[in-house]
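Take a look at the structure below. The text after it walks through the chains step by step.

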Amino acid sequence: MTSLPEPSAIKLGLVIDLDICVGCQACVVNCKEWNTSGYGAPLSDESAYGAQPSGSWLNRVHAFEAGVGEDAKTVHFPKSCLHCEDAPCVTACPTGASFKRAEDGIVLVNEDWCIGCGLCAWSCPYGAREMDPAEGVMKKCTLCVDRIYNENLPEEDRVPACVRTCPTNARHFGDFGDPNSDVSIMVAERGGYDLLPEQGTKPVNKYLPPRPRRKSNDESMSLLAMADAATPKGFWQWMDNTLEKLG
Amino acid sequence: MHPAWSIIFFTSISGLGLGLSGLIVLGLLDLSRFLHLFVASSAVFGLISAGLLSSTLHLGHPERAWRALSQWRSSWLSREGVLAVLVLASLGCWFAWNFFFGPPPLWCGILILVLIVATVYATSMIYGSLKTVACWHHPLTPVCYLMFSACGGSLAFLSMLALFGQPILGILKDITLALLIGAWTLKYAWWWALDNRGSASSLETATGLGTIGKVRSLMPPHTSENYLQKEMGFVVARRHAIKLRYISIFFGALLPIICVIFNGSSAVLLGMATIFHITGIFVERWLFFAEAKHVVTLYYGDEQLSIAS
């Protein structure tokens, strides 16, 4: 059923902290590793060892530069499905393969029904869906639905693979429907925001902005000033004094 | 957007077939001779089903295409499929009635015509409903599809009248000329809008980093092209877009108009006019996809979504 369900009380999603991400790509690799053997068909690659390797991945890390001058920033920017509340990929699907779960808001693809028309990928503004080159069905982030409820895993592993593997804690998983959850508090405190809000998709995943650069107006902090202020000793004091006398 | 041949063929050919059948069901063609009935019904079913079959060619799983008829409540692609099947079925009934009992009543034809208009509208809304492709998300998109379908349909209808040696009313020729001029004028307006419309989305809104300053792409997330770039970042057409627009107008409008004005009763000339027109539509449809930019290309360093650049 590709009509969207009523907004669920539980809204599972990710917070991505752009201040912390170092662009190491560990989340990308662990996502592929888990999902190639989990939900649905494997995530295939084409000419993986050739000159132009390509394949389906559910999580990609871009890098952007923002601003100019000393306030400019390099920002590593992970991007995966944002599990939108008004998901255009779901309503566009002609077969009912694409759906949003009524219980927790996760957007999934039923790969046995998918005809591989690609219209859902066209309707997603974030590029979160990629056609699998071998299987001919649409692949997307499942929010590791086969991990988060999996009682065979130790409790600390019941989070999406990208979150579990992030070495810098730049990714967090939680319920945005609960205003007191860690992720909701983080978003409230740090000013978490939506990507492409003008597209009207109401994404669940939120991004935390890079923290502003610390300004050093204090002259004493300057290395040059510190070097000038230091008094040389011994041989260098004699040298300093002698050169001073030479005028 | 990637211009898939199967989709270009589908939208152009089924558009032509639907336009043609829209005029036939109004009873303007005398189908009392079996040969005429056979030729007209073969042309209509051939064109519409060739288009529909072609549209399944780009699917990853064509054998599951029947599932696409299920989600008509939310999906324009599904609605298009359902309506096309309804049109084919009702056209089948209409031709069968003609065969057994003579011309069906006009209200049947008008009912089928409404279904036909809805089908072409649904085809256009598959693309027109996508907010992510700003140039498609425009009220003129469905208008152009409908007008082109009517143009192609009238030219094919005139050819059929001439071929069957039936009298061609002057008003039909005038309507065809008016449709041709109107359709391409609207298409020109669509192109103008495409060139002059800004987009609300930018790399700043896509990343949310606009508060820091201008955002530039520093590194793509992968070393070679991926599905998104192949599918949404097609660039070849944009280099020659203006030339191709004029080529499509030359074939789609100018040559057919000359043919109709020169001799609007010759089956050969009218047939040529139809072929010229559909050639122009192929180019127009190729550009429709190839010129269109998807908002996701922002993430890959396209600084602006406007196409004219």
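The paragraphs that follow move from chain A to the interface and then to chain B.

The model is predicted, and everything said here rests on that prediction. Chain A is divided into two parts: domain 1 spans 12-208 and domain 2 spans 223-247. Their C-alpha centres lie 59 Å apart.

Begin inside domain 1 of chain A, with residues 12-208. Strand β10 of chain A covers residues 171-175. Is this strand enclosed or open? 5 of its 5 residues are buried, so β10(A) is largely enclosed by the rest of the structure. Both faces are covered. Arg171(A), Phe173(A) and Asp175(A) lie on one side, His172(A) and Gly174(A) on the other, and all are buried. In a regular strand, side chains alternate between the two faces of the sheet. The partner here is strand β1 of chain A, residues 12-17. The two strands pair in the antiparallel sense over 5 bridges. Val15(A) stands opposite His172(A) in this pairing.

Next comes a hairpin. β4(A) and β5(A) form it, with 6 residues between them. Gly67(A) sits in the turn and has a positive phi of about 80°. The strands run antiparallel and are joined by 8 bridges. His62(A) stands opposite Phe77(A) in β5(A). Of the 8 residues of β5(A), 6 are buried, so β5(A) is largely enclosed by the rest of the structure.

Two residues of chain A stand out by their backbone angles. Most residues other than glycine have a negative phi. Cys144(A) is not a glycine, yet its phi is positive, about 50°. Cys144(A) sits in the loop between β9 (138-139) and α4 (145-148) of chain A. Buried or exposed? Cys144(A) is buried, because 26 other C-beta atoms lie within 10 Å, and the cut-off for buried is 20 or more. Lys202(A) also has a positive phi, near 50°, and is a residue other than glycine. Its loop lies between α6 (182-190) and β11 (206-208) of chain A. Lys202(A) has 13 other C-beta atoms within 10 Å, so it counts as partly exposed; a residue is exposed at 12 or fewer.

Now turn to the contact between the chains. It takes 55 residues from chain A and 46 residues from chain B. On the side of chain A that touches chain B, β4 (59-66), β5 (73-80), α2 (88-92), α3 (119-123) and β8 (130-131) each supply at least two residues. Which element gives the largest share of that side? β4(A) does, with 7 residues. By class, the side of chain A that touches chain B has 30 nonpolar, 18 polar and 7 charged residues.

4 bridges join β4(A) to strand β1 of chain B, residues 215-219. These two strands run antiparallel. Phe64(A) stands opposite Ser217(B) in β1(B).

What does chain B itself contain? Chain B has 11 helices and 1 strand. Along the sequence, the pattern reads α-α-α-α-α-α-α-β-α-α-α-α. The C-alpha atoms of chain B fill a box of roughly 75 × 45 × 30 Å, taken along the principal axes. A compact globule of 309 residues would have a radius of gyration near 19 Å; chain B has 21 Å, which agrees. Of the 309 residues of chain B, 47% count as buried. Among contacts in chain B with a separation of 6 or more, 76% come from residues 24 or more positions apart.

His138(B) is found in the loop between α4 (106-128) and α5 (140-163) of chain B. How many C-beta neighbours does His138(B) have inside 10 Å? There are 17, so His138(B) counts as partly exposed. Setting aside residues up to four places away in sequence, His138(B) touches Trp190(B) and Ala193(B). Met125(B) is 13 residues from His138(B) along the chain, and their C-alpha atoms are separated by 9.9 Å.

Notes: Residues are numbered from 1 along each chain as its sequence is written. Chains are lettered from A and ligands numbered from 1 in the order in which they are written. This is a predicted model: local features need pLDDT of at least 70, side-chain atom pairs count only at pLDDT 80 or more; totals for chains, interfaces and linings use all residues. Two residues are in contact if their C-beta atoms, placed from the backbone, lie within 7 Å. Ala, Val, Leu, Ile, Met, Phe, Trp, Tyr, Cys and Pro count as nonpolar, Asp, Glu, Lys and Arg as charged, and the others, Gly among them, as polar. Two strands pair if DSSP finds at least two bridges between them. The radius of gyration is taken over C-alpha atoms; the globule rule is 2.2 Å times the number of residues to the power 0.38. Domain bounds come from an automatic or database domain assignment.
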